Amino acid sequence: MKIIMLGAPGAGKGTQAKQIAEKYGIPHISTGDIFRANIKNNTELGRKAKEFMDQGLLVPDELTCDLVMDRIAEDDCKNGFVLDGFPRTIPQAEALDAALAKTGQKMDFAIDVDVADENIVNRMGGRRACLNCGATYHIVSIPTKQEGICDKCGNPVVLRDDDKPETVQRRLTVYHEQTQPLIAYYKKQGILKSVDGSQPMEKVFSNIVASLA
Ligand code: AMP
């Protein structure tokens, strides 16, 4: 099963993507995580991506598309994958369709996790991330067991630079301008599923699973 997660930053698509990956036994591919790992390892890609990410802007397509195409060509993607944070622009979606078409494949579902902007700004302020292992939490809905400490690796959790309020506003504007048109793009392809992302996480997940049946 080949799935795309759509939704504004902070809509909870990453959390849902991880659960979908686990349930269906397919890899979770997050471009944001790939960029953050590159930043942590101080690679050339990481240094270039950081300039855009810190400003709440999208990393240019030429730095993003090939990296995803290479990843989905790997062996573990044979039975499918869940893309989280890609595509984020129409050209990225077209590049993905074109790459899959070469081997006679196509995406199965695009799931839009829908949350109003007002809720997003509140949610993002409570988001905490471990800069060491990438685990994400929320001070209210997914708290760490010990305050401020990552459950998985014991390092501190922090408010990421790109989750700070001024950057969140910019990311939302970028989302509406560049990413939201993908909803119509996948609707036209007949593979769009929309779920109300303002419900509790477990409910959002069960609605997603029901929509894939
Ligand atoms: P995320 O963790 O998915 O919210 O991504 C964090 C940041 O990484 C975004 O705000 C963008 O700057 C960058 N990014 C992630 N995925 C993409 C993409 N598909 N295209 C361009 N930039 C991306």
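Ala, Val, Leu, Ile, Met, Phe, Trp, Tyr, Cys and Pro count as nonpolar, Asp, Glu, Lys and Arg as charged, and the others, Gly among them, as polar. The views show a predicted model, in which local features need pLDDT of at least 70 and side-chain atom pairs count only at pLDDT 80 or more, while totals for chains, interfaces and linings use all residues. Residues are numbered from 1 along each chain as its sequence is written, and side-chain values use heavy atoms, with hydrogens and water left out.

**View A. Residues around the ligand.** By the classes above, the shell holds 6 nonpolar, 5 polar and 5 charged residues. Of the 16 residues around the ligand, those that come nearest are Thr31, Arg36, Leu57, Gly85 and Arg171; a residue is near a molecule or strand if one of its heavy atoms lies within 4 Å of it. Helix α2 (residues 31-40) gives the most to this shell, with 4 residues. Helices (H or I, at least four residues) and strands (E, at least two) are DSSP runs, numbered from the N terminus.

**View B. Polar atoms facing the ligand.** An N or O atom in the side chain of Thr31 is 2.7 Å from a nitrogen atom of the ligand. For Arg88, a polar side-chain atom lies 3.0 Å from a ligand nitrogen atom. In the side chain of Arg171, an N or O atom is 2.7 Å from an oxygen atom of the ligand. The ligand taken alone exposes 480 Å², and the protein buries 96% of that; accessible areas come from the Shrake-Rupley method with a 1.4 Å probe, and for residues only the protein chains shown count as cover.

**View C. Helix α4 and its surroundings.** Helix α4 (residues 61-72) has 12 residues and reaches 16 Å from its first C-alpha to its last, close to the 16 Å expected at 1.5 Å a residue. The expected span is 1.5 Å times one less than the number of residues in the helix. Its buried residues are Leu63, Thr64, Cys65, Leu67, Val68, Met69, Arg71 and Ile72. Buried means under 20% relative accessible area, exposed over 50%, and partly exposed in between (1.4 Å probe, protein chains only). The cover over these residues includes β2 (28-30), α2, α3 (44-53), β3 (81-84) and α5 (90-101).

View D. Arg71 counts as buried because its relative accessibility is 19%. A polar contact of 2.8 Å joins the side chains of Arg71 and Asp76; such a contact is a pair of N or O atoms within 3.5 Å, where within protein one must be able to donate a hydrogen and the other to accept it, and residues adjacent in sequence count only if both atoms are side-chain atoms. Not counting residues up to four places away in sequence, Arg71 touches Pro27, Ile29, Asp76 and Cys77, contact meaning heavy atoms within 4.5 Å.

**View E. Backbone geometry in two loops.** Most residues other than glycine have a negative phi, and most peptide bonds are trans. Asn42, in the loop between α2 and α3, has a positive phi of about 55° although it is not a glycine. A cis peptide bond with omega of about -5° joins Phe86 and Pro87, and Pro87 lies in the loop between β3 and α5.

**View F. Met201 in helix α9.** Met201 lies in helix α9 (residues 201-212) and counts as partly exposed because its relative accessibility is 26%. Not counting residues up to four places away in sequence, Met201 touches Thr15, Gln16, Ser141 and Ile142. The C-alpha atoms of Met201 and Thr15 are separated by 8.3 Å, although these residues are 186 residues apart along the chain.
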